[in-house]
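The following exercises are meant to be worked through with the sequence and the model side by side. Try each task before reading its solution.

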Amino acid sequence: MDEIAHKLERKGVKPTANRMLVYQALVDQHRPLSMRDLEMQLLTLDKSSIFRVLTLFAEHDVVHAVEDGRGIELYELCHHEDESDHMSSHVHFYCEKCQRTYCIEEMALPAIQLPEGYHAHSMSFMVKGECPQCNKNKVR
Ligand SMILES: [Zn+2]
Ligand SMILES: [Zn+2]
């Protein structure tokens, strides 16, 4: 828990009990989570508390919001210490079977060249299909 408190403080967030719980849930799952996923993980917190923590986290770059294959907002931890590093994001994979979203960190995003006058703040890249788990469970 000390490490989490330290990480939050470095991003300018006071480490309260609720905030540490939400952070821990995101660390444990190793994948982007929706509000609903978090509610199921954090039964001791009510929906509005979780939402408040996530909003604050997003403002301080503790988490990033990602949209999943159904247009639902997911939250994942931002692993960049440096705020200017948002463009070096990663690919996400949405499994149409189990409806989970995975981070594919091993794969770099293709470099894009925007026309003059456009200034990007973030970029998302979503691949849809079947995850290894669902692929394996298929009856042949
Ligand atoms: Zn799956
Ligand atoms: Zn991710």
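**Exercise 1.** Is Cys95 buried or exposed?

*Solution.* The structure is a predicted model, and in it Cys95 has a relative accessible area of 0%. Since buried means under 20%, Cys95 is therefore buried. Cys98, by contrast, reaches 31% relative accessibility and so counts as partly exposed.

**Exercise 2.** Find the protein donors of the zinc ion (ligand 1) and describe the site they form.

*Solution.* Begin with the atoms: the SG atoms of Cys95, Cys98, Cys131 and Cys134 lie 2.3 Å from the ion. Next, read their positions along the chain, where the spacing is C-x2-C-x32-C-x2-C. For four tetrahedral donors the ideal angle is 109.5 degrees.

**Exercise 3.** Work out how helix α1 (residues 2-10) is oriented by listing its buried residues.

*Solution.* The buried residues are Ile4, Ala5 and Leu8. They cover an arc of only 100 degrees around the axis, so they lie on the same side of α1. These buried residues pack against α2 (17-29) and α4 (47-59), whereas Asp2, Glu3 and Arg10 are exposed on the other side of α1.

Technical notes. Residues are numbered from 1 along each chain as its sequence is written. Chains are lettered from A and ligands numbered from 1 in the order in which they are written. This is a predicted model: local features need pLDDT of at least 70, side-chain atom pairs count only at pLDDT 80 or more; totals for chains, interfaces and linings use all residues. Side-chain values use heavy atoms; hydrogens and water are left out. Donors are N, O and S atoms within 2.8 Å of the metal (3.2 Å for Na, K and Ca); water is not among the atoms, so sites may look incomplete. Buried means under 20% relative accessible area, exposed over 50%, partly exposed in between (1.4 Å probe, protein chains only). Helices (H or I, at least four residues) and strands (E, at least two) are DSSP runs, numbered from the N terminus. The arc is that of the directions from the helix axis to the C-beta atoms. Contact means heavy atoms within 4.5 Å.
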